[in-house]
Amino acid sequence: MAGTTDFVGVRVFSDLSSTVAKIDTRDSTVIGLALPAPAADNAAFPIGTLQRVSTNDPEAVAKLGAGLARDAVNQIASEGIVTDILYYRSQHSVLSDANDKLEAEIDSLVGSAGAKTGVWSFCDAAAQFGVYPGLLIAPGYTSQRLDNAANPVMTAMDGVCARLIDCNPIGDTPTASREAAAEWAADFATSLNVIGMFPAAVVNLGAGNVTRPLSPHVAAAIVRRDKEAGNPFKASWNRPLRGILGPSAPVGYTDGDTSSDANYLNQHGVGTVIEGKLLWAPFTTATDPTTVGWRSIKRIRTRRAIEKAMLRPLRKYLSEDVTPHTVSLIYQSLDEYLGDLKNLGALVDYE
């Protein structure tokens, strides 16, 4: 043939790659945690770096030192799961004024998108550890509305999740009232990814009852449901949280009562806890007319998981000649994957 090198005899052209790309939904059970840790071991957790910590490694957890970071890891573990946490240790402040200290630590958590510092460091998680986080939390630093504006840490985490695609930031709303929680959620009415929780949780971490943010427990509950189902396509709400003693304030709920606290919160894009421990969080903060169709946490997580899963496997076709055969291979790869999702009940059809 004119298109090949002349040769007399027999040759074998060895190509062991599969012609059809295998698409599998990725593991979304890694939690991204960003917090300062003044008492942490500086060698194990240098400030300004990402580290991978397992909830099943008590020595590593102990090196976080006393504070919100170690509490958050303990809260996650108290939900009865074992998972990896990508922890970013931000700079703590030594300022004496409480407001100045808070703002300085929030600034450190927000970091720089260009320099990939603060929560933006999670964008480089795959390059460093081979995994992306599926959930982001920064308990204690997401509820504040500084200068009557959207929370900066939550805003940055929302941007990170847009980059990662298959990722949700879980924030804690103000606990003063349900109206304050709704105002917080309204800042993210056009976001498809943000999950907000009201109020806080009463927990016991081994030194008496204390009040802590709900977000670590909600993140762990989502991970637990993903591990039970083997995929991220099932709802995690309407199930009890295992690590809390109860909400920090009662949230009223009566079946069929549209004026109840829980329904008010849900319809304003805020999740909560009812009847002591029951996680009541079906929706994200997406209440704007342009996003409300995707406000179901289960629905948006399913869509994002599918979108993310397709990217890497289909990369194999980028260097191939665009022929009818190549197009049919791409179609076959997608058809097999989406067909599996239909069998799992994740999809009704391919739209």
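**Close-up views of a predicted model**

**View 1. Helix α2 crosses helix α7.** In this predicted model, the axes of helix α2 (residues 68-77) and helix α7 (residues 215-229) come within 8 Å and cross at roughly 40°. The crossing in which α2 passes α7 is right-handed. On the α2 side the residues involved are Ala72, Gln75 and Ile76, and these meet Pro216, His217 and Ala220 of α7. Sorted by class, the residues of this contact of α2 with α7 comprise 4 nonpolar and 2 polar residues, with no charged residue among them.

**View 2. Helix α3 packs against helix α5.** For helix α3 (residues 98-110) and helix α5 (residues 152-164), the angle is about 5° and the axes lie 9 Å apart. Angles under 35 degrees count as roughly parallel, and α3 and α5 are therefore roughly parallel to each other. Where the two helices touch, Ile106, Leu109 and Val110 in α3 meet Pro152, Val153 and Ala156 in α5. The residues of this contact of α3 with α5 divide into 6 nonpolar, no polar and no charged.

**View 3. Helix α9 packs against helix α10.** The axes of α9 and helix α10 (residues 324-344) come within 12 Å, and they cross at roughly 150°. This angle makes α9 roughly antiparallel to α10, since angles over 145 degrees are counted in that way. The crossing in which α9 passes α10 is right-handed. From α9, the residues Ala305, Ile306, Ala309 and Met310 meet Leu334, Tyr337, Leu338 and Leu341 from α10. By class, the residues in the contact of α9 with α10 are 8 nonpolar, with no polar and no charged residues.

**View 4. The largest pocket and its lining.** Rolling a probe the size of a water molecule over the atoms shows where empty space is left. The largest pocket has a volume of about 410 Å³, and 17 residues line this pocket, with Trp294, Thr302, Ala346, Leu347 and Glu351 lying nearest its centre. Helix α9 (residues 297-311) supplies the largest share of the lining, 7 residues. When the lining of the largest pocket is sorted by class, there are 8 nonpolar, 3 polar and 6 charged residues.

**View 5. A cis peptide bond at Pro199.** The peptide bond that joins Phe198 and Pro199 is cis, and its omega is about -10°. Pro199 is found in the loop between the strands β6 (195-197) and β7 (201-204).

**View 6. A positive phi at Asp147.** Although Asp147 is not a glycine, this residue has a positive phi of about 55°. Asp147 is placed in the loop that lies between β4 (135-137) and α5, and α5 is the helix that packs against α3 with axes 9 Å apart.

Conventions. Residues numbered from 1 in each chain as written. Predicted model: local features only at pLDDT ≥ 70, side-chain atom pairs only at ≥ 80, totals over all residues. Heavy atoms only, no water. 1 Å grid on protein atoms, 1.4 Å probe; cavity = no way out; pocket = protein on both sides within 12 Å on 5 of 7 lines; lining within 4 Å. Points joined across faces, edges and corners; volume = space filled by probe spheres on them. Helix = DSSP H or I, 4+ residues; strand = E, 2+ residues; numbered from the N terminus. Nonpolar A, V, L, I, M, F, W, Y, C, P; charged D, E, K, R; others polar. Axes fitted to C-alpha atoms, helices over the stretch in contact; angles between N-to-C directions. Left-handed = near helix turned anticlockwise from the far one by under 90°. Contact = heavy atoms within 4.5 Å. Parallel < 35°, antiparallel > 145°, perpendicular 65-115°, else oblique.
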